[in-house]
Amino acid sequence: MLNDRGGRYRVILPAIARVAALAAFCAFVGLVFGMRVGLWVAVVCLGALYVAQLVYLAALGNWLEVPSLATIPNGIGTWEEVFARLYRQHRASEIAQQRLIDNEERFRRTISALPDGIILIDASFQIEWCNPVAERHLAVSLRRDQGLRLTNLVRDPAFVAYMGSGRFEQPLLFSPLALPAATLSLAVVEFEPARSIVVTRDVTQSERVDAMRRDFVANVSHELRTPLTVVKGFLEAMIDGGTDLNATRLHHLNLMYEQADRMHRLVEDLLTLSRLESQEGPDTEEDVDVAQLVAEVADEARTLSGGRHRIGVEIAKLRLRGGRDELRSAYGNLMSNAVRYTPVGGQITLRCVQQDGGIALQVQDSGIGVAPEHIPRLTERFYRVDKSRSRETGGTGLGLAIVKHVLIRHQGRLDVQSEVGRGSLFSAWFPPARRLDSPGEREAA
């Protein structure tokens with residue numbers, strides 16, 4: 001503020017001083033040569049000063065039409081200060097603009113050097129900018145296609161459906177028509193209300209490795225199933241007919257049977273997980289009575305608990321479109337986890353509710369709970385919060401991984417709320433598109 005005021009003073013005060021000096025000179029002439037001569041001299045001087053101001057104003061107007069440091073006018077007196085300040089401001093503006101251009105060019109070179117494809121689009125999916133990797137991935141050209149809709153250029157049905165859905169929580173895996181032998185992972189990041197960034201990544205190699213891993217696990221699990229079934233059968237026969245066995249040998253046989261049974265359940269879970277991963281959606285979709293499904297899982301929970309827990313059920317009359325066997329498997333895994341990790345005498349509640357326009361299958365318990373740092377990793381294969389306790393409960397470490405893949409195949413998600421020592425709430429949510437009816441009255445049992 002002080003600098004602006006000082007600048008105004010530097011411009012105004014010399015002008016006032018010059019006008020005062022001119023007035024004094026005209027007064028002196030009037031005293032010496034008479035008042036009439038003094039007035040004429042004052043008129044001539046003011047006219048000359050007025051003409052000079054018009055000349056400088058015209059020069060300033062012409063310069064403002066095409067401002068340039070090379071053509072800035074020269075002046076004397078007050079106009080010299082005005083043109084000097086214009087020169088300094090224009091010079092600073094040019095330096096700032098050049099710095100901005102350099103930074104933008106450096107940013108573009110950096111983005112162009114990334115191994116991922118980057119496309120900047122507006123709210124109507126029109127291309128504003130893209131790097132060479134994105135041009136190669138999606139067969140677009142910045143020079144040719146800038147300003148055109150991306151969904152009109154990339155006609156892959158999976159891509160068009162993904163962009164039109166507006167749901168970008170999970171990336172899209174697809175093989176573009178331009179690169180049929182490749183697999184791309186595509187994600188959309190919304191960073192402004194009217195702009196988004198489309199990121200493409202070539203995951204062909206990792207998908208091949210993952211497919212090899214799935215095939216290996218499926219094949220090994222399939223080959224192990226038969227011998228394990230035979231071993232279990234003979235162990236069971238030996239235990240049932242082992243009246244002549246002493247207590248030590250019988251104990252050993254029981255331990256062997258328990259471990260063989262655990263291995264058999266592990267193989268079954270691996271086969272289930274491999275099947276879920278190898279397909280994008282349920283084998284068959286049907287109208288699922290959610291209330292009946294919850295009731296069945298609740299009966300299974302009472303059997304598994306053996307009276308050690310209080311089992312509550314809250315049922316709403318809802319129907320869901322999906323694979324019934326998969327849904328029952330996923331909800332059963334959530335239930336069995338609650339039974340295993342809830343102390344004797346604890347409360348377990350199974351419910352189906354309307355949530356965010358969709359349907360949520362929930363299992364709430366008063367068990368040991370999960371610390372916040374473990375929650376993001378619960379659905380990883382074989383991830384265990386407490387390895388020793390997990391072995392004691394007999395879990396395979398694959399239950400929540402199966403739940404995750406069932407929900408992915410049904411466009412759902414798993415929400416977990418938990419507090420150590422106070423219990424957990426596991427909620428399998430399904431979107432409104434999966435819901436078949438209006439909410440009914442809730443019944444408590």
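In this report a residue counts as buried when its relative accessible area is under 20%, as exposed when that area is over 50%, and as partly exposed in between, with a 1.4 Å probe and protein chains only. The model is predicted, so that local features need pLDDT of at least 70 and side-chain atom pairs count only at pLDDT 80 or more, while totals for chains, interfaces and linings use all residues. Residues are numbered from 1 along each chain as its sequence is written, and side-chain values use heavy atoms, with hydrogens and water left out.

**Overall form**

The protein has 13 helices and 13 strands, where helices (H or I, at least four residues) and strands (E, at least two) are DSSP runs numbered from the N terminus. Its radius of gyration is 40 Å, well over the 22 Å that the globule rule gives for 445 residues, so the protein is more spread out than a compact globule; the radius is taken over C-alpha atoms, and the rule is 2.2 Å times the number of residues to the power 0.38. Along the principal axes, the C-alpha trace spans about 150 × 50 × 45 Å.

Buried residues make up 38% of the 445 residues. Of the contacts (heavy atoms within 4.5 Å) between residues at least 6 apart in sequence, 60% join residues at least 24 apart. The protein exposes about 26,200 Å², of which carbon and sulfur atoms supply 58%, the areas coming from the Shrake-Rupley method with a 1.4 Å probe.

**Salt bridges**

The structure holds 21 salt bridges, each defined as a side-chain nitrogen of Lys or Arg within 4 Å of a carboxyl oxygen of Asp or Glu.

Asp299 has a relative accessible area of 46% and is partly exposed, as is Arg302 with 36%.

Elsewhere, salt bridges that share partners join Glu296, Glu300, Arg324 and Arg328 into one network.

**Helix α13 and its surroundings**

Helix α13 (residues 399–409) is largely enclosed by the rest of the structure, because nine of its 11 residues are buried. These buried residues are Gly399, Leu400, Ala401, Ile402, Val403, His405, Val406, Leu407 and Arg409. They pack against the helices α9 and α11 (324–340) and against β11 (413–419) and β12 (423–430). Just after α13, Gln411 takes a positive phi of about 55°.
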